[in-house]
Amino acid sequence: EKAHNNGHAETGKGGRTGKPSSSGERSSNDKNVAVPTTFPEMFRFNAMVMGHGQHAWMSEVLLSFGTLVCNVANTSRLHEECDVLALRMSKHRGPFRLGDFKSVLLASLR
């Protein structure tokens, strides 16, 4: 069922090649499961698997995380970014357990 294309990617059922789609995810040939290929996709996947997928506030922190890290040496800018994140998170209901975010974050770095 798999055909070789002169050393190019194998094509299985349905023409899937295992190459990234336009969304950045890979499709498995054995199952129709989208495999995350970017950090935000992996974070969302791990949050879902770890039972934190319903916490919309984690997406807010994830969106701000890169900016927070880049500005860690500039305390006034870091303070501004924390204020912005606090405003964005105020739209969500707590509790906000940052330890859960940390667990998902670290699992996504693997």
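The side chain of Asn46 makes a polar contact with the side chain of Ser108 (3.0 Å); a polar contact is a pair of N or O atoms within 3.5 Å, where within protein one must be able to donate a hydrogen and the other to accept it, and residues adjacent in sequence count only if both atoms are side-chain atoms. This is a predicted model, in which local features need pLDDT of at least 70, side-chain atom pairs count only at pLDDT 80 or more, and totals for chains, interfaces and linings use all residues. Residues are numbered from 1 along each chain as its sequence is written, and side-chain values use heavy atoms, with hydrogens and water left out.

**Around Asn46**
- Asn46 sits in helix α1; helices are DSSP runs of H or I with at least four residues, numbered from the N terminus.
- Asn46 counts as buried because its relative accessibility is 9%, and buried means under 20% relative accessible area (1.4 Å probe, protein chains only).
- Leaving aside neighbours within four places in sequence, Asn46 is in contact (heavy atoms within 4.5 Å) with Val104, Ala107 and Ser108.

**Helix α2**
- Its buried residues, among them Trp57 and Leu68, pack against α1 (39-49), α3 (75-89) and α4 (98-108).
- Not counting residues up to four places away in sequence, Leu85 touches Glu60, Val61, Ser64 and Leu68.

**The largest nonpolar core**
- Twelve residues make up this core, including Phe43, Leu85 and Phe101; a nonpolar core is a set of buried Ala, Val, Leu, Ile, Met, Phe, Trp, Tyr and Cys residues joined through side-chain atoms within 4.5 Å.
- Two or more residues come from each of α1, α2, α3 and α4, and α2 gives the most, with five.

Methods:
Buried means under 20% relative accessible area, exposed over 50%, partly exposed in between (1.4 Å probe, protein chains only).
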